[in-house]
Every structure is written in C-alpha cells, then in structure tokens.
Amino acid sequence: MNNLGILVRSMFFKHSKILTCFFITVIFINVTSCEDSELGRGHPDPRAVVMEGEPYILNVDSSPTSILKFYNRISIEQLLATAGEGDAVQRYLYARILMRDYRYELPHDDAVKILEAVWQEGLVDAGYDLFELYTGSPIVDRNLDVAKEYLVASAELGYIVSQQTLGLALSGRSIKIKMEVDYALARGWYLLAAQQGDVLSAVNLAGLYRKGLGGELDEGKAFSWLIKAEHMPYGDPSYAFDGLALYYENGIGTDVDLVQAYKYYDLLSPAGDDDKARLAGQMTPEQIHEAISLSRQWQEEHNIFVPSYYGLEYQEDGTFQ
C-alpha cells in the first residue's frame, strides 16, 4: 500500500470510533451498499482502479471552477495543438476539453482512453472524471459499476471531490449515483474531506452530528465543524452561514448570541432579510449596528461582498458604512 493510502486510512481510523471495518466495507461497497436497481451486484470491472504509477493529485481544490487556473497556465489553443500528446497533466487537461466542450470538432471518444491512461500512470484526479463519464455521458456507455470503482478508488487516494461525493451518495443526496443510505459511512467520508479543508463536507458533517445520524448526537461538535467550515480553503464559506446563524439564534452547541446570528443572516442577504427582521425586534439599535459592522468587516477581510454591502459610503478608516 502506498504512503498516501496508509495516511488516508490511518486518519479515518484515528478520528472515527463508529466504524471498525471501514476499509473492508468500502472495498465491497458495490456488494453491501448499492441498490440492486441502480448498481447491480458482482465483481469490480477490471478496467477500474488499476494504477501502476505513484499516485498524485493535480488539483487539491474542491471548488467547481478551481480547475480553470490550470488552463490559464496552459492555454486551450496549446492543448488542442498537442492533440492528446505531452505529459500526463497536458493529456488530462486535453481530455477534460473532450469531455465538456463540444464547440470544437474533436475526437470526443478519446477522452475515456486518455483519462484511463493517465489514471494508470498515477493521476488521481482522472478517477473522478471517469466516474462522471461512466455515470452518464454521450461518449461512453453508462456503466455504474465502473463509475463506482473509480469513485471509491480516487476517494481512498485522498481526492476531496470523490470523498465529498461518496458522503453525499451515502446520505441519499447524490444525483449522480445512488447508494443505500449509510450515515455512518457518510460521516467517515465527510470527515476525510473536511480534514482536508472542504467547506461543504464540514457543513454536512455538522448536520449529521446535530441530528445524531450515523453515530452520536453532539451539538457541540456540530457547531465546531460549522465554525471551522467558515475558514476552510476549499468551497464557498457561505454554505456555513445559514447554520451558524441558526445555531447562534437558538443556542445550538453554543450560547445564544443575537449579534452573531444577525451578522450571519446579513451575510446571506437578501436571503436572510426576513430572519434579520425577526431578530431586530429582540435587539437594541446598538446591537444591530454592531452586527452589521461585523458583517462588513468579514466581507472586507475576505473580499467577498453581498448585495446589502453596496450603496454604503467609504469611511476614512477603510470601512464601508
């Protein structure tokens, strides 16, 4: 087993007391956790999970548009000119164009062949793309068994989006692949992705702790994961705002703090306007001003602005009020 695989599995066993046979369960997930009507039963397809090279991940960021930065370094024109030649990264980026961009007269069927080749050479990212292709694409026959094998294998090798997707599938929330709901396993995959800095997985993990799904009910841990999610590097921090506002308003896992609740509802603006109106009746004008100031401060520090921010006047201290 490579060092990365050992690290991933050791992290999971260290942090989760609810699963004692996780590795065995995941390896046989196609037998024990997938609905017959969707995935069938049987042995893994031999095309999947065969990797001869040392595994590595190109794009560690789980944000949907993060892959674009690699196309800024190697232009699409350059990639098209190579026609699938070059190193593994160039071929991988070219294959993604074949998968998604039909503006060009290209051999789109080659995407599968290229992705399988770079996967075998060790590029873990390709596993998730193959999962997407085999779950439904006009360029390859749908094969959910193969899709599932690539998804699990890339997740085990530390690919955040695959871990996140397995968490969603095992929570009954995936639209790409259907599995029997198993909240205990979902917690495990969310945990691995959250530990790597994935906002959405941390928020979903918090939800499982709050409801006691798949293990202990622990509102304190739920709140803790939401606080961490706000500052994680991968994904949209606003995913955590609604939960944080609710927790602060109702004292879930923390003390009631209407100023903080109002702040997070303001950061959801305009979606949080009704909630702010409700809280305003319980707050002093000074508290509301403090909450708005905290919201503006957050926006300026993160250079992320919500609609309610605009129309404010620039102040000498560098803030907007």
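Tutor: Before we start, one convention: helix axes are lines fitted to C-alpha atoms, and angles run from 0 to 180 degrees between N-to-C directions. Keep in mind too that this is a predicted model.

Student: Okay, then why is H9 called roughly antiparallel to H10?

Tutor: Start with the value. The axes of H9 (residues 125-135) and H10 (residues 144-156) cross at roughly 160° and come within 8 Å. Angles over 145 degrees count as roughly antiparallel, so H9 is roughly antiparallel to H10. The crossing itself is left-handed.

Student: Which residues in H9 meet H10?

Tutor: H9 brings Gly127, Tyr128, Leu130, Phe131, Tyr134 and Thr135. On the H10 side they meet Leu144, Val146, Ala147, Tyr150, Leu151 and Ser154. Sorted by class, the contact of H9 with H10 has nine nonpolar and three polar residues, and no charged ones.

Student: On to the pockets. How do you know which residues line the largest pocket?

Tutor: A lining residue has an atom within 4 Å of a pocket point. For the largest pocket, 35 residues line it, with Ser62, Ser63, Pro64, Tyr128 and Val161 nearest its centre. Helices H5, H7, H9, H11 and H13 each give two or more residues to that lining. The lining splits into 17 nonpolar, eight polar and ten charged residues, and the pocket's volume is about 730 Å³.

Student: And which helix gives the largest share of the lining of the second largest pocket?

Tutor: H13 does, with seven residues. The whole lining has 18 residues, and those nearest the centre are Val203, Asn204, Gly207, Leu208 and Lys211. By class, the lining of the second largest pocket has ten nonpolar, four polar and four charged residues. The space in the second largest pocket is about 360 Å³.

Key:
Residues numbered from 1 in each chain as written. Predicted model: local features only at pLDDT ≥ 70, side-chain atom pairs only at ≥ 80, totals over all residues. Heavy atoms only, no water. Helix = DSSP H or I, 4+ residues; strand = E, 2+ residues; numbered from the N terminus. Parallel < 35°, antiparallel > 145°, perpendicular 65-115°, else oblique. Left-handed = near helix turned anticlockwise from the far one by under 90°. Contact = heavy atoms within 4.5 Å. Nonpolar A, V, L, I, M, F, W, Y, C, P; charged D, E, K, R; others polar. 1 Å grid on protein atoms, 1.4 Å probe; cavity = no way out; pocket = protein on both sides within 12 Å on 5 of 7 lines; lining within 4 Å. Points joined across faces, edges and corners; volume = space filled by probe spheres on them.
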